[in-house]
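This report goes through a few parts of one protein model for a reader who has not seen it before. Please keep the sequence and the structure in view while reading.

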Amino acid sequence: MRHGETMRYIANTAAQRTEMLRTIGASDVEALLERIPSKARLGRELGIPAALAEGDLVAHVRALAGQNADGGGYVSFLGGGAYDHYVPSMINHMLLRSEFFTAYTPYQPEASQGTLRSIYEYQTMICELTGMDVTNASVYDGGSALAEAALMAHGVTEREQVVVSGAVSPLARRVVATYCAGPRLPLKTVPWAEGVTDLDALRKAVTGKTAAVMVQYPNFFGCLEDLDAAARIAHDRGALFVVSVDPIALGVLRPPGEAGADIVVGEGQGLGNPVTGGGPYLGLFACRAALVRRMPGRLVGQTVDRQGRRGFVLTLQTREQHIRREKATSNICTNVALVALGATIYLALMGKEGLRKVASLSTAKAHYAADALGRVPAVSRRFGAPFFKEFALRLPKAPDRVLRALRKRKILGGVALGHFDRTLRDCLLVAVTENRTRAEIDAYVEALGAALA
């Protein structure tokens, strides 16, 4: 903007800018920049077009936005941690109510009973879903939840090693490695075999120094792990057993709490939160009651006042804001309250039977898609293990080339696994949710055949 111009998006008037320059002793804006070497400066006016009227500006921005691809214009079979599940319209209408959308941290319980109660309801639902005793108010996302579980296990057991399955999301494992670098906590990765954790390798990796054994259920490839066997291996050596879950899968699968999990974490994006551009997402974090004092994050509890009326408060606040830093259980000092509220509304709307139907439909449609895609010439399932809503395909052509061809037909065909594991460079990870129709799946089969022809 040139000196002397006025613009509706800049609050300072030309007179105010002149006064500021006079106060600091500069003749004009150019005088503020004279100490910057000329070779480091552009030396010409910026190529900014003239100002537009509001209607013209809206049309211009809309045209620019139209050059971007968005999920609404494509049929999505993407997965790997973020899924196109149905989001009831009521969720957004509820979240945008001012009492929820503008609510601040509930440090004053007498003024925050609505927020505290919604968090308490969220905690209750996640406990029921995971089969655990206690849940915190949420953390940032699934990756940070898994990483916090590693640090919590280290604090509980005072052991110096974490063992993680190679079938856990590679993106989550990178977050865990970053968190563990600070306390110099070694991270040992156990290989997978035929799409699931190699239990023999796991048995050899877990020692008396292991703080936690971490698996994913369903795992990154969509396959179902043997939680009971992994739990026995962990507990036989005194380690904690950590399970990262897809909460939608728990609509039909046995909760990990019944399989001996000590800590259950997960990515809650599928619970009524759209894929968006990578966030904000929802980190689930639950544990056994005996471990609650080592649990990171915020926890809402129920109490009564002097008149015996039920109320809600933040409790067991073992964060650095409230106690001596050296005794803090984590640097997690907040929660994604609005996204957690969305999950609470989703679970309340769906209910037990609704969630079971979402999971059942996703399972049935994924198996239909796997069978149909597997009949495309030269295409086959990479793993034979039971799976939930996601599966890996082996292709005769480079997956990236195939995905580009599918995108031209408005199909997001999946995730090329070679970007995470070079041994899977000929494989494609495909996710199918309840949102996909039979016609869309059949169109994908036809398009894949054409792309490989």
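Is the crossing of H7 and H8 left-handed or right-handed? It is right-handed; a crossing counts as right-handed if the near helix is turned clockwise from the far one by less than a right angle, and as left-handed if anticlockwise.

The model is predicted, so that local features need pLDDT of at least 70 and side-chain atom pairs count only at pLDDT 80 or more, while totals for chains, interfaces and linings use all residues. Residues are numbered from 1 along each chain as its sequence is written, and side-chain values use heavy atoms, with hydrogens and water left out.

**Two helix pairs**

Helices (H or I, at least four residues) and strands (E, at least two) are DSSP runs, numbered from the N terminus. Axes are lines fitted to C-alpha atoms, for helices over the stretch in contact, and angles run from 0 to 180 degrees between N-to-C directions. The two pairs are set out below.

| Pair | Axes come within | Crossing angle |
|---|---|---|
| H7 (residues 142–157) and H8 (residues 170–181) | 8 Å | roughly 40° |
| H11 (residues 337–374) and H13 (residues 438–452) | 10 Å | roughly 25° |

The angle between H11 and H13 makes them roughly parallel, whereas H7 and H8 are oblique to each other. Angles under 35 degrees count as roughly parallel, over 145 as roughly antiparallel, 65 to 115 as roughly perpendicular and the rest as oblique. H11 also passes H13 in a right-handed crossing.

Contact here means heavy atoms within 4.5 Å. On the H7 side, Gly143, Ser144, Leu146, Ala147, Glu148, Ala150 and Leu151 meet Ala172, Val175, Val176, Tyr179 and Cys180 of H8. By class, this contact of H7 with H8 holds nine nonpolar, two polar and one charged residues. For the other pair, H11 contributes Lys365, Tyr368, Ala369, Ala372 and Leu373, and H13 contributes Arg438, Ile441, Asp442, Tyr444, Val445 and Leu448. The contact of H11 with H13 has eight nonpolar residues, no polar ones and three charged ones. In these classes, Ala, Val, Leu, Ile, Met, Phe, Trp, Tyr, Cys and Pro count as nonpolar, Asp, Glu, Lys and Arg as charged, and the others, Gly among them, as polar.

Four strands form an open sheet in the order E13-E14-E17-E16, with antiparallel pairing. Two strands pair if DSSP finds at least two bridges between them. Strand E13 (380–381) and strand E16 (415–416) are the edges, each pairing on one side only. E13 is joined by two bridges to strand E14 (residues 390–394), and the two run antiparallel. Within this pairing, Arg381 stands opposite Leu393 of E14. H11 packs on the sheet and touches E13 and E14, its direction making about 5° with that of E14.

Leu424 lies in the loop between E16 and strand E17 (427–431). Leu424 is buried, with a relative accessible area of 0%. Buried means under 20% relative accessible area, exposed over 50% and partly exposed in between, with a 1.4 Å probe and protein chains only. Not counting residues up to four places away in sequence, Leu424 touches Trp192, Phe221, Arg382, Phe383, Leu417 and Gly418. The C-alpha atoms of Leu424 and Ala392 are separated by 9.3 Å, although the two residues are 32 apart along the chain.

**Strand E9 and its partners**

Strand E9 (residues 263–267) is mostly covered, with five of its five residues buried. Ile263, Val265 and Glu267 point one way from E9, and Val264 and Gly266 point the other way. Strand E8 (residues 240–245) runs parallel to E9 and is joined to it by four bridges; here Ser244 has Val265 as its bridge partner. Five bridges join E9 to strand E10 (residues 283–287), and this pair runs antiparallel. Gly266 stands opposite Leu284 in E10.

**Backbone exceptions**

Most residues other than glycine have a negative phi, and most peptide bonds are trans. Phi of Glu158 is near 60°, a positive value. Glu158 lies in the loop between H7 and strand E3 (161–165) and is exposed, with a relative accessible area of 65%. Ala378 has a positive phi of about 70°. Ala378 belongs to the loop between H11 and E13 and is exposed, at a relative accessible area of 61%. A cis peptide bond joins Tyr217 and Pro218, with omega about -15°. Pro218 is in the loop between strand E7 (210–217) and helix H10 (227–236).
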